[in-house]
Amino acid sequence: MVTNLSGWLRTLSSATGFALAGPGGALVGHLAGGLLATLLPGTSGFMGEVISRFSTKAIELSGTALAERLTSKEKQRINHDLQAAFRDAFTQALYDLGGVRCFPAHWAPKKRDVPSGAVYPSTPQGDLLWRGGNPLAEQVCDCLQKMERAVVEGRLLPLDPPRNQPAAGVQRYLEAETFESLNTAFFDDVLSPYLAAFSSLIREIPDFEAHLRRNLLDRTLVHLGELLKARTPAWRAYNRMILETLRSEVRQVESGQSEIADRLDTLLDRSNPARMEQLATGMADLLSATGQLEKRVDEGFDSMLARLAQQHQELLARFDVLIATSGRIESKVDRVLRMLEGGRYVIEGTPSVSIDAPPAPGEPPFKGLQFFDEPDADLFFGRELLTAKLVARIGEILSLPPAEADQVGLQFLAVVGASGSGKSSLVR
């Protein structure tokens, strides 16, 4: 039984991703579903209703049904683009792990931005093999190079749409409670059968397989975020499918869920595709950041994603500002500026406040040279993104160990601007 919104969304996204793009789609969907939950408001009442009506099996079937709503051509296009992005990201991850010793052509133009601990020849075990001229070093390169060719040739992570598979095919992904268990499910399903051909190498250097398990998926996710943004239509279509299904279920819950429904309606508004595009781009950024986040042993998805969200407050704040601002504009802009023939302009529509009516009694919203303070929050607009940046920067400073903070000089955060530009109000 699914017990929280993050788990519910992971299950739905994982099942849909599996139906569209096989194990790679299930893995990405599992992570994307949890990330999506960070963008939605509180849901305690909602989940009481949902849990009573949905089991893991029911959501799994709904994910498959969701994919089946697509025409075969649409399904093939989305599958092809998502699978291609995952394959390309996987290939880039192999280049990262093999380093210049295994893939000199891909490291020759410039040094790749890869942590040294992820490059196997740079690890203590790998360095020992190469410095000692051990023949196993050449076998490690041969394994990684053959794995790359297997991906390119479609023998590993094939591009063809996956055949209809029994529901049990995705069950391991649905049952994953930690990133490590999700990683293990993917590794065992996809890579272990391939590595069986290199069983003697794995026996000789067990550290090599452990290194692949520890780093290959993380590096794939780092590259996947950027590649998904280059394949925006398919990634946006996948996210829209998930959100539309979620919205349909939210609408079946009778009370207390207007905030979630309103936010989903705003994101799914087809008259403003920029919102969905920004959502898809932001989700890709968060997915990439998941690969860079240091995982903790047996850490659950919710706590891991909470840490990720804390480190990317600016990105999440951008979603909130987008939704809040669009709602404010839609509710207040009730007049239209129209250009007539002859170059004249006219404002059409009735003003929401009579221009002849005297102002209502009360405190004026403008404070002159005085700054806005916390009690004036409802009067202070237009600095949401800058505020989010400051909050995110403060979070980075507070998360540093004291010694490191002193070393890099991050003991305070300065806000600099022209006189009267609103620095004091912004800080408060």
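**View 1. Salt bridge between Lys-295 and Asp-218.** In this predicted model, the side chains of Lys-295 and Asp-218 meet in a salt bridge at 2.9 Å, N to O (a side-chain nitrogen of Lys or Arg within 4 Å of a carboxyl oxygen of Asp or Glu). Lys-295 lies in the loop between α14 (273-292) and α15 (301-311) and Asp-218 in helix α11, so the bridge ties together parts that are 77 residues apart in sequence. Helices (H or I, at least four residues) and strands (E, at least two) are DSSP runs, numbered from the N terminus. Lys-295 is buried, with a relative accessible area of 17%, and Asp-218 is buried at 12%. Buried means under 20% relative accessible area, exposed over 50%, and partly exposed in between (1.4 Å probe, protein chains only). Lys-295 also lies over the face of Phe-179, at 4.4 Å from the ring centre; a charge sits over a ring if NZ of Lys or CZ of Arg is within 6 Å of the ring centre and within 35 degrees of the ring normal.

Residues are numbered from 1 along each chain as its sequence is written. Local features need pLDDT of at least 70 and side-chain atom pairs count only at pLDDT 80 or more, while totals for chains, interfaces and linings use all residues; side-chain values use heavy atoms, with hydrogens and water left out.

View 2. Asp-96 and Arg-219 form a salt bridge through their side chains (3.1 Å, N to O). Asp-96 is in helix α4 (residues 72-102) and Arg-219 in helix α11, 123 residues apart. Asp-96 and Arg-219 are both buried. Salt bridges that share partners join Asp-96, Arg-112 and Arg-219 into one network. Helix α11 also holds His-223, which is buried with a relative accessible area of 18%. Leaving aside residues up to four places away in sequence, His-223 touches Ala-89, Gln-92, Ala-93, Asp-96 and Arg-112 (contact means heavy atoms within 4.5 Å).

**View 3. Salt bridge between Glu-299 and Arg-307.** The side chains of Glu-299 and Arg-307 meet at 3.0 Å, N to O. Glu-299 and Arg-307 are both buried. The model has 11 salt bridges.

**View 4. Aromatic pairs.** The model has five aromatic pairs. Rings of Phe, Tyr and Trp (its six-membered ring) pair if their centres lie within 6.5 Å; planes under 30 degrees apart count as stacked, over 60 as edge-to-face and the rest as tilted. Tyr-120 and Phe-208 have ring centres 5.2 Å apart and planes at 65°, so this pair is edge-to-face. Tyr-120 lies in the loop between α5 (104-107) and α6 (124-131) and Phe-208 in helix α11 (residues 206-230), so the pair ties together parts 88 residues apart in sequence. Tyr-120 is buried at 1% relative accessibility, and Phe-208 is buried at 0%. Phe-372 and Phe-380 form a tilted pair, with 5.5 Å centre to centre and 45° between the planes. Phe-372 is buried, at 15%, whereas Phe-380 is partly exposed, at 26%.

**View 5. Arg-428 over Phe-371.** Arg-428 lies over the face of Phe-371, at 3.7 Å from the ring centre.

**View 6. Nonpolar surface patch.** Ile-394, Leu-398 and Leu-413 make a nonpolar surface patch of about 270 Å². Leu-398 is in helix α17 (residues 384-399) and is exposed, with a relative accessible area of 69%. Patches are made of residues with over 30% relative accessible area and no salt bridge: like charges are joined within 9 Å, nonpolar side chains (Val, Leu, Ile, Met, Phe, Trp, Tyr) within 5 Å. Accessible areas come from the Shrake-Rupley method with a 1.4 Å probe; for residues, only the protein chains shown count as cover.
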